Amino acid sequence: MEFSSFGNKLASHSGILHLMDDLGKAMSGHEKMIMMGGGNPAPIQEIREAWRTRMHAMLDDGAEFDRMLGNYDTPQGNRDFIAAVAEFFRREYGWPVGPENVAVTNGSQNAFFYLFNLFAGEFPGGKRKQILLPLSPEYIGYLDQGLTEGMFASRRPKIEDLPNHEFKYHIDFDACAEALDAERRERSGCLEIDGGIGAVCVSRPTNPTGNVLTDGEMRRLMNLTREKGVPLLVDNAYGLPFPGILFTKATLEWDEHVVLSMSLSKIGLPSARTGILLASPEVVRAISGVNAIVSLANATVGQSVALPFFRSGEIIRLAREIVNPFYRERSEETLSWLHEDLGDSVPWRVHKSEGAIFLWLNFPGLPISDRELYERLRARGVLVVPGHYFFGALGVKAAEDWPHARECIRIHYAMDRADVREGVRIIADEVRRAFRQ
Ligand code: PLP
């Protein structure tokens, strides 16, 4: 069988496929694994009950349940849901948005596939544009989404050392401005730019690091992209106002050149596959057009279940009073275990935990690669994610030239508490062994 270029690009061995496959196999094996690898939201009882109560009410009503399951919505999304989302952001943030600014997708992963391929890749006349990720490490789920090769460009961050084994990444704005200005350049072994940068994308809070780009960094990014006339894609899957997994002060801003992506996944509805975009009417029309071709319509369950929570603002209460304190406490607790178990026995630091559901560990001078550490941990029943995956947009050579890119792992801190406690103990033990060998 011969696959097309599309087939070869998407159906072949991508990083995300390898990772998901490996995690899935490890989970379905016979031995018990301590799962600190995946990106599942933690099971939070009050959140489960909120969605369950709502579903009971829909079943009791009957007609609402039938409408949820029995109708195709428009490719833009469910009309009532779209109106409620626009009203929600007008009310809560004062943004001048209407239904024409809202598009729904089958999960935000799906939204990014559309957005990246709308703004980068091949353009009429043969020029090629790229998506700039201002700093790596960045979300691995972006990297294989381009329909053409070499779709992403990125730059190393500046690293701020903090007390108490902590650090924080910052955007290197000189490097980003240079990337945005470049016309045609050979870098990292691949032809980086000839049509320039088609869009800039950041996750905030960032998966994998828990970094929250500061308000100052966001403002500079907004100004820079506005000046250059390129959209700024802001992936707010963990951010405000929902699910609100954010432990630092950060402001959310939007204007028509920003595409703000949100998701119902981390507030407990990952399998409902509901992504929400706030964007200019032109982008909303484009997304709707692609949706019609690829999916006809969106999954309706998440939109129907969440609708009254947007109308009443209850979604903010769930985020603020339940989801945020849950993750904040679990993050702090896991950090205290890391300090207890690693102490000053090896060189280690953790990215300041400012949001999202992961902790990002760096072991400067680690004598083995992150991949080898992952294998050794896996053999001891602990699943983590090796960090090198998240540096992929730097290009192979640039990542290879930077030892830091092979000295990090990502751990999910919020799954079963006893498991995480044991997992941290094993990670500390294995890292100590690696440094002793
Ligand atoms: N963006 C980030 C940063 C993520 O971590 C994830 C999932 O973990 C997604 C987007 C995709 O989420 P979903 O498609 O479930 O909305």
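Are Trp360 and Phe390 buried or exposed? In this predicted model, Trp360 is buried, and Phe390 is buried as well.

**View 1. The aromatic pair of Trp360 and Phe390.** The ring centres of Trp360 and Phe390 lie 5.7 Å apart with their planes at 90 degrees, so the pair is edge-to-face. Distant parts of the chain are linked by this pair, since Trp360 belongs to strand 15 (residues 358-362) and Phe390 to the loop between strand 17 (385-386) and helix 13 (396-400), 30 residues apart.

**View 2. The aromatic pair of Phe116 and Tyr142.** Among the 22 aromatic pairs found in a search of the whole structure, Phe116 and Tyr142 form one that is edge-to-face, with 5.3 Å from centre to centre and 85 degrees between the planes. Phe116 lies in helix 6 (residues 108-119) and Tyr142 in the loop between strand 4 (128-133) and strand 5 (152-154), 26 residues apart; both residues are buried.

**View 3. The largest nonpolar core.** This core has 116 residues, and those with the most contacts inside it are Phe242, Phe310, Tyr327, Phe363 and Ile427. Helix 11 (residues 314-342) gives the most to the core, with 11 residues, and at least three residues come from each of domain 1 (5-46 + 318-436) and domain 2 (72-313). Phe242 touches residues including Phe88, Phe89, Met262, Phe310 and Ala319.

**View 4. Helix 7 and its start.** The buried residues of helix 7 (residues 173-181) are Phe173, Ala175, Cys176, Ala179 and Leu180; they cover an arc of only 160 degrees around the axis and therefore lie on the same side of helix 7. At the start of helix 7, a side-chain oxygen of Asp172 reaches to within 3.2 Å of the backbone nitrogen of Asp174.

Methods: Residues numbered from 1 in each chain as written. Predicted model: local features only at pLDDT ≥ 70, side-chain atom pairs only at ≥ 80, totals over all residues. Heavy atoms only, no water. Core = buried A, V, L, I, M, F, W, Y, C linked by side-chain atoms within 4.5 Å. Buried < 20%, exposed > 50% of the residue type's maximum accessible area, 1.4 Å probe, protein only. Helix = DSSP H or I, 4+ residues; strand = E, 2+ residues; numbered from the N terminus. Domains from an automatic or database assignment. Contact = heavy atoms within 4.5 Å. Arc of directions from axis to C-beta. Polar contact = N/O pair within 3.5 Å; in protein donor to acceptor, adjacent residues only side chain to side chain. Phe/Tyr/Trp six-rings, centres within 6.5 Å; stacked < 30°, edge-to-face > 60°. Lists of a residue's contacts leave out its neighbours within four places in sequence.
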